[in-house]
Amino acid sequence: MNMSKLGTKEKPAVVRVQTQERGAQIMELANVHGWQVIVGIEPDNTENIDDIKKLQRDAKPEPKFNNQPSRNAPCPCGSGKQFKRCCGK
């Protein structure tokens with residue numbers, strides 16, 4: 001039984017699109033996330049991107065970094081005051 005993760009070399013995501021442009025969009029998205037995808041261009045069939053939707057649902061959001069210190073942390077300017085009472089005003 002193959003338990004490979006979807007979007008890997010062992011189990012690539014398979015999608016069907018109607019145009020070359022849509023295929024390029026899917027490939028660009030896959031490249032950004034490092035997913036392995038097989039794109040079929042079939043103008044006479046309906047689009048099927050269910051595997052990509054599943055990969056997007058399962059993707060972890062990128063952490064957001066805030067360079068600003070917390071309000072009660074010492075101010076980075078070196079004054080010795082809390083950030084909220086110094087440069088955070």
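Read along the sequence, the chain of this predicted model runs in the order β-α-β-α. Local features are taken at pLDDT of at least 70 and side-chain atom pairs at pLDDT 80 or more, while totals for chains use all residues. Residues are numbered from 1 along each chain as its sequence is written, and side-chain values use heavy atoms, with hydrogens and water left out.

**Exercise 1.** Work out how many helices and strands the chain holds.

*Solution.* Begin with the DSSP runs, in which a helix is H or I over at least four residues and a strand is E over at least two. Counting these gives two helices and two strands.

**Exercise 2.** Determine how many disulfides the structure holds, and examine Cys77 and Cys86.

*Solution.* A disulfide requires a pair of cysteine sulfur atoms within 2.5 Å, and the structure holds zero. For Cys77, the nearest cysteine sulfur is that of Cys75, 3.5 Å away; for Cys86, the nearest is that of Cys77, at 3.7 Å. Finally, consider accessibility, where buried means under 20% relative accessible area, exposed over 50%, and partly exposed in between (1.4 Å probe, protein chains only). Cys77 is partly exposed at 48%, and Cys86 is partly exposed at 22%.
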